[in-house]
Amino acid sequence: MGIIDATRNQFRTIIQWSDPQEWEIFRKFDKRKDEIKNASKLIIQPGQGCIFTYEGTIKGVFNESGIYEIDTDNKPFITTLKKFINFFESDHKTGIWFYRTADIVNIRWGTRIPITYADPVYGFPVNLRAYGNFSINIINPENFFTSIIAARTNYYAYDLQELLLSRISQPISNYLANAKFTYAEVDSNLEKIAADATVKTRSEFESFGFNLLDFRIEGSSFDEETNVRIAGISNIQADVKAAQMAGVSFEELQKMIAKRDAARNQGGVGAGIITAYNLSNTAQPPSSGTPSVKSKLKELKEMRDEGLLDDDEYKLKKDELLKQL
């Protein structure tokens with residue numbers, strides 16, 4: 001295993017990155033100096049690139065995959081590599097790093113702390129978190145190598161994840177705080193939030209030499225305190241609606257609910273209490289468009305007199321109406 005795959009001739013070696021690991025982005029070619037000095041070929045697999053350094057200075061960056069004969073291929077990078085290999089002095093002066101040019105996908109991100117802003121509908125502060133993933137590819141390996149790699153032997157996507165999260169969290173937080181999506185709108189606007197977050201964070205990726213391919217939001221959540229407050233408001237709104245449908249005021253509905261709850265707490269003894277309360281004078285009087293019990297009794301009697309109801313039917317309906325008094 002390893003980056004170099006020795007040929008049968010121990011003095012003629014091949015320089016290649018043959019075993020890239022999962023999430024590995026950069027790897028230094030770290031074989032013995034004799035193997036570098038006697039290298040005959042450079043193999044760059046699809047999805048890979050190569051950086052060559054000498055005495056702490058980048059002498060070449062190569063993104064083209066293929067097999068290259070170091071002695072004969074006439075490409076600037078290969079020519080430079082050959083030149084320095086011929087004058088090889090020590091592995092402290094010469095360095096070869098391979099890097100990943102293939103897409104780096106599904107890197108996880110999430111807001112580190114809740115984003116607090118005033119909900120535009122409810123008017124009190126809410127605490128929002130969001131999470132998702134993004135995909136990138138490297139477009140300026142020289143910049144990233146110089147500013148971040150700093151001669152490290154290996155560099156992985158999870159190292160990059162921590163670095164990028166430290167830079168994109170603030171733009172995302174600022175955006176969400178200023179956008180002020182109300183509690184009920186966040187989930188239905190995830191695609192818009194993702195698109196806007198892409199615009200807000202793209203420059204941060206580019207500053208390190210990466211292109212942002214996509215930025216996705218998988219979900220969002222509000223903290224428990226926010227959920228409890230919103231739930232309380234929703235319950236009140238539902239009660240107001242119920243009061244309107246029942247033809248009573250909100251205050252009366254609350255009293256009825258309190259009576260009901262008290263009755264339940266007493267083991268169901270208060271079922272009659274609720275009925276009694278509904279029949280009390282605190283109930284909302286019938287609206288002008290609702291026939292009174294008295295008018296209904298008159299109408300019922302007329303129906304019996306006209307033969308539309310027999311005596312038994314009349315008595316049954318009369319009893320039902322009288323129970324409403």
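# A walk through the predicted fold

Residues are numbered from 1 along each chain as its sequence is written, and side-chain values use heavy atoms, leaving out hydrogens and water.

Five bridges link β5 and β6, and these strands run antiparallel. They form a hairpin with two residues between the strands, where Glu55 takes a positive phi near 50°. Helices (H or I, at least four residues) and strands (E, at least two) are DSSP runs, numbered from the N terminus. Two strands pair if DSSP finds at least two bridges between them. Strands of a sheet pair through backbone hydrogen bonds, either parallel or antiparallel.

Now widen the view to the sheet. Five strands make up an open sheet, ordered β6-β5-β8-β3-β12, with antiparallel pairing. Its edge strands, β6 (57–62) and β12 (154–156), each pair on one side only. From one strand to the next, the twist averages 15°. Within this sheet, β3 (residues 24–29) is joined to β8 (residues 94–100) by four bridges, and Lys28 has Trp97 as its bridge partner in β8.

Two helices pack on the sheet. Helix α2 (residues 76–86) touches β5 (48–54), β6 and β8, and its direction makes about 40° with that of β5. Helix α3 (residues 141–149) touches β3, β5, β6, β8 and β12, and its direction makes about 140° with that of β6. Axes here are lines fitted to C-alpha atoms, for helices over the stretch in contact, and angles run from 0 to 180 degrees between N-to-C directions. Contact means heavy atoms within 4.5 Å.

Next, look at Glu24 in strand β3. Is Glu24 buried or exposed? Glu24 counts as buried because its relative accessibility is 1%; buried means under 20% relative accessible area, exposed over 50%, and partly exposed in between (1.4 Å probe, protein chains only). Not counting residues up to four places away in sequence, Glu24 touches Trp17, Asp19, Arg100, Asn154, Tyr155 and Tyr156. Asn154 is 130 residues from Glu24 along the chain, yet their C-alpha atoms are separated by 7.3 Å.

What about the nonpolar residues? In soluble globular proteins, nonpolar side chains tend to be buried together. A nonpolar core is a set of buried Ala, Val, Leu, Ile, Met, Phe, Trp, Tyr and Cys residues joined through side-chain atoms within 4.5 Å. The largest one has 44 residues, and Phe26, Phe134, Ile136, Phe144, Leu160 and Phe215 touch the most other members. Helix α4 (residues 157–179) gives the most to this core, with nine residues. Leaving aside neighbours within four places in sequence, the contacts of Phe144 include Phe26, Tyr155, Leu160 and Phe208. A second, separate core of 20 residues includes Trp17, Tyr54, Tyr68 and Phe98.

Finally, step back to the chain. There are 10 helices and 13 strands in it, and 36% of its 325 residues count as buried. Among contacts between residues at least 6 apart in sequence, 69% join residues at least 24 apart.

Definitions and conventions
This is a predicted model: local features need pLDDT of at least 70, side-chain atom pairs count only at pLDDT 80 or more; totals for chains, interfaces and linings use all residues.
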